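Student: I'd like to walk through this structure with you, one question at a time. Could we start with the helices and then move on to the domains and the charged pairs?

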Amino acid sequence: MPHTTHDVINQVPPREGHNVFTEDAALAEALAREGAGWAAGDLEALGARAGDPEAIEWGRLANEYDPVLQTHDRFGHRLDRIDFHPAYHHLMDTAVTNGIHAHPWAEAEPGSHVARAVKLIVWSQAEAGHICPISMTYSVVAALRHQPDLAALWEPRLAIREYDPAFAPPEAKRGLTAGMALTEKQGGSDVRANTTVAEPDGAGAYLLTGHKWFVSAPMSDVFLVLANAPGGLSCFLMPRWLPDGTTNAFFVQRLKDKMGDKANASSEAELDGALAWMVGEEGRGVRTIVEMINRTRLDCALGSAAGMRQALGEAVHHTRHRDAFGARLSGQPVMQKVLADLALESEAATAAAVRLAGAYDRGEEFARIGTPVVKFWVCKRQPGMVAEALECLGGNGYVEESVMPRLFRQSPLNGVWEGSGNVISLDMLRAMARSPESVEAFVDEVRLASGADARFDAALDELTATLAAGVEEPDARRVTGRMSLLLQASLLLRHAPAFVSDAFVATRLAAPAPCYGALPDGIDTTAIVERALPA
Ligand SMILES: Cc1cc2nc3c(=O)[nH]c(=O)nc-3n(C[C@H](O)[C@H](O)[C@H](O)COP(=O)(O)OP(=O)(O)OC[C@H]3O[C@@H](n4cnc5c(N)ncnc54)[C@H](O)[C@@H]3O)c2cc1C
C-alpha cells in the first residue's frame with residue numbers, strides 16, 4: 001500500500017490560457033470609444049498571446065535571469081554589451097512586431113496611438129519590464145521631430161516592425177530601439193543641475209562628456225541626452241555606433257540592482273567625448289525633451305492600469321477557485337467587497353489612461369493638463385491596489401512562484417520615474433499657469449457628466465471653485481488627485497454601467513473609505529466583479 005503524505009486539494013490552477021483583451025470589457029469599450037475599434041482583431045490576437053502559457057513563461061524567465069553587463073572582452077577591450085535571456089528577446093520581438101514601439105508614428109490612421117496604447121496595456125501583462133525600451137522608442141519620436149533632418153534619418157528605422165537585438169551599426173540592423181539619458185547624480189528631477197557638457201566638434205556635431213546616473217536599456221541603438229552646450233542645456237541625439245563603424249564613447253559602468261523591473265536593464269554610464277547631434281534649439285533642451293517625457297508619462301499611466309488589471313485578474317481567479325471555511329472565497333461577503341473595490345480602481349485607471357491616449361491621438365489641448373493629472377493618480381494608486389490584490393491570494397500570493405511579488409515590486413516604479421509624485425503635481429500647477437486653455441479643456445471634459453449624479457455635481461462645483469481661486473504649491477497633490485478622481489468619475493458616469501459609476505462616486509467622491517473593501521451596503525458587488533472578469 002503506497003504511503004501518501006498529502007493530497008493536493010483546494011489549490012488554485014495557474015491563471016493561463018485566458019485572453020487578456022477580450023475578457024476586459026472596460027478596455028475593449030475604451031478602445032472603441034477613443035476611435036480605435038478597428039484594432040480589435042489585432043488586440044484579440046495579442047490578448048490571447050499575453051495569456052498564453054508560453055508568454056507567461058517568457059515573463060517569468062526574463063525576470064528570473066537578470067540582464068548581465070559585459071564591460072570588457074577577455075583581452076581587455078571595452079564591450080559594453082548587455083546579455084539578456086532569450087525570453088526577453090521574445091517579449092521584445094512580440095512588442096515590436098505588434099507595433100507597440102514607434103510604429104504608430106508611421107501610420108496615418110486615426111486612432112493608431114490609441115490602438116498602440118491598448119496594446120501596451122495588454123502586452124505588459126505578459127511582462128512589464130521590457131515595456132521601458134518599447135516606450136522610449138515610441139516617445140523619442142515626438143522630440144526627434146524637432147530636428148527634421150535627424151528625424152528623417154532615424155524615424156523610419158525606429159518605426160519598422162522588426163526587432164533586431166544585434167549589437168551592430170544601425171545600417172546593419174533591421175530595426176532599432178531608442179533610450180534616453182537625462183538623470184544625473186546631483187540632478188534627477190532637477191535636470192538644470194546637470195553637469196554633462198557638449199562641446200562643438202567643429203563639424204556641426206558635439207562631443208558629450210559626463211556621467212549619467214540612470215540610463216535604462218543601455219543596449220539601445222540611439223539615445224536622447226541632455227547636456228550643457230555653450231548656449232545652455234540642450235537635447236542631443238547620441239548613437240551607439242559611429243558612422244565609421246566603431247562604437248561611440250558611451251561606457252556602461254554597471255547595472256542597477258533594482259528592487260523590481262528585473263527584466264529591464266538600467267545602468268550608470270559615462271560619456272567620454274561621445275559624438276552627438278543637437279535636436280531642436282540650443283538652450284531649449286528641456287522644452288524639446290519634454291515632448292518625449294509627456295509620452296513616457298502617458299505610458300506610465302497605461303502601464304499602471306495594466307499592472308492593476310493583471311493584479312485584479314489574479315485576485316479574482318484565485319478566489320473563484322479557493323474555498324475557506326466551507327465556502328468559495330469569491331462569494332464571501334467581505335471578499336466580494338474587496339474584489340469589487342479593486343475592480344472599480346482598475347476600471348477607473350483604464351478609462352482615464354486610454355482617454356489620455358485618445359487626447360494625444362487627436363492632438364487635444366486636454367493632453368497638457370491631463371498628462372500630469374492622470375499620471376500622478378493612476379501611478380500612485382497602483383502599489384496599494386496591487387498589495388490588496390496580493391492579499392487576496394493569501395500566503396500563495398507572497399511566494400516567488402506566484403506572479404504577485406513581481407507585480408508588487410514593479411508597482412511603485414511608474415510613480416517614481418518620468419517625474420515622481422511631487423514633481424508631477426507641480427507640473428500640473430505649471431500647466432494651470434501656462435496653459436489656461438488646457439484647464440478649460442479639462443473642466444469641459446469632466447463637465448460632460450454634469451447632471452448624472454448630484455454627488456458628482458457637488459464635487460465638480462467645489463473643484464471648479466478651487467481652480468478659479470488658484471492653487472498654491474502646498475496644495476498641488478490634493479488638487480491633482482481630486483482632478484483625477486473627478487475625471488475618472490466623469491468617464492465612468494458617461495461610459496460604464498450604473499452599478500460601476502454609482503459605486504465609484506459613492507466611495508471615491510462622496511465618502512472615501514479608509515481602505516479597500518470598506519464599501520457601504522447597497523453596492524452591487526456581484527455585478528461589478530462579473531463585469532471585471534466574467535466567470
Ligand atoms: C528603474 C529606473 C529606471 C530609470 N531609467 C532612466 C532612464 O532611462 N533615463 C533617465 O534619464 N532617467 C531614468 N531614471 C531616473 C528617474 O527618471 C528619476 O529617478 C526620477 O525622475 C526622480 O529623480 P531622482 O531620482 O533624481 O529624485 P529627486 O529628483 O532627487 O527626487 C526625490 C524626491 O523629491 C521630490 N521632489 C523633487 N523636486 C521637488 C520639489 N521641487 N518639491 C517637492 N518635492 C520634490 C520628488 O518627487 C521625489 O519624490 C530611472 C529611474 C529608475 C528608478
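Student: Which elements do the buried residues of α2 pack against?

Tutor: Happy to start there, with two notes before the answer. This is a predicted model, in which local features need pLDDT of at least 70 and side-chain atom pairs count only at pLDDT 80 or more, while totals for chains, interfaces and linings use all residues. Residues are numbered from 1 along each chain as its sequence is written, and side-chain values use heavy atoms, with hydrogens and water left out. With helices (H or I, at least four residues) and strands (E, at least two) taken as DSSP runs numbered from the N terminus, and contact meaning heavy atoms within 4.5 Å, the buried residues of α2 pack against α1 (25-33), α3 (53-64), α4 (86-97) and α5 (112-123).

Student: Which residues of helix α2 are buried, and where on the helix do they lie?

Tutor: Buried means under 20% relative accessible area, exposed over 50% and partly exposed in between, with a 1.4 Å probe and protein chains only. In α2, which spans residues 40-50, the buried ones are L43, L46, G47 and A50. Taking directions from the helix axis to the C-beta atoms, these buried residues fall within an arc of 105°, so they line one face of the helix.

Student: How is the chain divided, and what area is buried between the domains?

Tutor: An automatic or database domain assignment supplies the bounds: domain 1 is 25-283 and domain 2 is 287-532. Their C-alpha centres lie 27 Å apart, and 52 residues of domain 1 are in contact with 33 residues of domain 2. Buried area is the accessible area (1.4 Å probe) that two parts lose on being put together, summed over both. Carbon and sulfur atoms give 63% of the area buried here, which is about 3,400 Å².

Student: Which residues of domain 1 lose the most area to domain 2?

Tutor: Three residues head the list on that side of the interface. Together they account for 17% of what the domain 1 side buries, and they are R33, E34 and Q125.

Student: How many salt bridges does the rule find across the interface of domain 1 and domain 2?

Tutor: A salt bridge is a side-chain nitrogen of Lys or Arg within 4 Å of a carboxyl oxygen of Asp or Glu. Between the two domains there are also 16 residue pairs in polar contact, with both residues at pLDDT 80 or more; such a contact is a pair of N or O atoms within 3.5 Å, where within protein one must be able to donate a hydrogen and the other to accept it, and residues adjacent in sequence count only if both atoms are side-chain atoms. For salt bridges across this interface, the rule finds 3.

Student: Which residues form salt bridges with D427?

Tutor: D427 sits in helix α13 (residues 421-434) and is buried, at 6% relative accessible area. One partner is R430, with the closest N and O atoms 2.9 Å apart; R430 is partly exposed at 37%, and about one helical turn separates R430 from D427, as they are 3 residues apart in α13. The other bridge, at 3.4 Å from N to O, reaches helix α8 (residues 285-321), 130 residues apart from D427 in the chain. So the partners of D427 are R430 and, buried at 9%, R297.

Student: How many residues apart in sequence are the parts that R508 and D341 tie together?

Tutor: The side chains of R508 and D341 meet in a salt bridge of 2.6 Å, N to O, and both residues are buried. R508 lies in helix α17 (residues 498-510) and D341 in helix α9 (residues 333-361), so the parts tied together are apart by 167 residues.

Student: Which side chain does D453 contact through polar atoms?

Tutor: D453 is in the loop between α14 (436-447) and α15 (454-469), and at 11% relative accessibility D453 counts as buried. Not counting residues up to four places away in sequence, D453 touches L493, D502 and V505. The polar contact of its side chain, at 2.7 Å, is with the side chain of R455.

Student: Is D261 buried or exposed?

Tutor: D261 is placed in the loop between β8 (250-255) and β9 (266-279). Its phi is near 55°, a positive value in a residue other than glycine. Most residues other than glycine have a negative phi. With a relative accessible area of 4%, D261 is buried.
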